[in-house]
Amino acid sequence: NQRAHDERDLVLLAGIPKRERDKLRRAAIQKVDQLWNLRQEKISEIIGARYGEIAYHVAQAYKLDGPILKPQKQLQIPRAKRLLYFDFETSDSVHRSEPPHTYLIGCYDGTRDQFVKFLARGAEDEGRIFSEFLDYVGAPRDVCLYHWTDFEIHQLRRVARCWPLLAGTIDQIIDKCVDLKEAIQSAVYLPVPSFSIKCVAPALGFHWRQKDIGAYQSMVCYWDYLENRDLFAIDRALIYNQDDCMAMWHVDQELQSRLHTS
């Protein structure tokens, strides 16, 4: 990734398949920088109108080092009295005794500038943390809940099946959820190789506090917490989750500011 970034390789163009990148290379275009001064029509002659438009605008986003609205598009993100940015951490079937479950719910309350967490101790504790999370969310009419990709929605639906007493409230919550990735990707070009939050947030100035931990390492920290009551291990998982939530909030705030959206 670092080498591609340093060399401005065409792989940095989000939304451009390898076949189209190869066409650009055969036309002696090896770097994103070489697209900066080409007209969109020229790029389209090489890779077609659909990908030519994308490549042109993403290259311009790299040139400006910032976001660009797509033609005839506005970034429209639903709002409410309370803005909650939430993220789930899950334990999968690799563990020898614990079945898959959501073990951690992190939520940054953008209205109150407050981060809250709900941590389980094993699969049987999953219902409790979701009940507490739903209580914290409160009246669905007053909130928008932001997540990145549809992973959290799939987990909410699974939890509704596993914990039927929560199903009605979860259905109401799902109706108030907003996939920030989908909303942003549909309206904005960014200087990123993909729309992973790990690519988008750094492109807009956000950085995770821990360099050596991801979703899998966080899960291992949770297992250490379960088996050894390792508070240091779970602290690392909590920091990782909080940063994921804060990254979404940061991206939202930066795009509002830079694109002058309401």
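Predicted model: local features only at pLDDT ≥ 70, side-chain atom pairs only at ≥ 80, totals over all residues.
Residues are numbered from 1 along each chain as its sequence is written, and side-chain values use heavy atoms, with hydrogens and water left out.

Helix α2 covers residues 18-26, and Glu-20, Arg-21 and Leu-24 are buried in it. (Helices are DSSP runs of H or I with at least four residues, strands are runs of E with at least two, and both are numbered from the N terminus.) Looking down the axis of α2, you would see its buried residues fall within an arc of 100°, so they line one face of the helix; the arc is that of the directions from the helix axis to the C-beta atoms. These buried residues pack against α3 (40-47) and α4 (49-64), where contact means heavy atoms within 4.5 Å. Just after α2, Ala-28 takes a positive phi of about 70°.

## Leu-12, in a loop

Now step back to the loop between α1 (2-7) and α2, where you will find Leu-12. Leu-12 counts as buried because its relative accessible area is 5%. Setting aside residues up to four places away in sequence, Leu-12 touches Ala-4, His-5, Val-32, Tyr-62, Val-192 and Pro-193. From Leu-12 to Asn-1 is eleven residues in sequence and 8.9 Å in space, C-alpha to C-alpha.

## Leu-84, in a strand

Another leucine to look at is Leu-84, in strand β2 (residues 82-91). Leu-84 is buried because its relative accessibility is 0%. Residues up to four places away in sequence aside, its contacts include Cys-107, Tyr-136, Val-143 and Tyr-146. Leu-84 and Asp-113 lie 29 residues apart in sequence, with 9.9 Å between their C-alpha atoms.

## What about the cysteines?

A disulfide is a covalent bond between the sulfur atoms of two cysteines. How many disulfides does a search of the whole structure find? The search finds zero, counting as a disulfide a pair of cysteine sulfur atoms within 2.5 Å. For Cys-177, the nearest cysteine sulfur is that of Cys-144, 9.2 Å away. Cys-177 is buried, at 16% relative accessibility.

Cys-199 itself is partly exposed, because its relative accessible area is 24%.

Note on methods:
Buried < 20%, exposed > 50% of the residue type's maximum accessible area, 1.4 Å probe, protein only.
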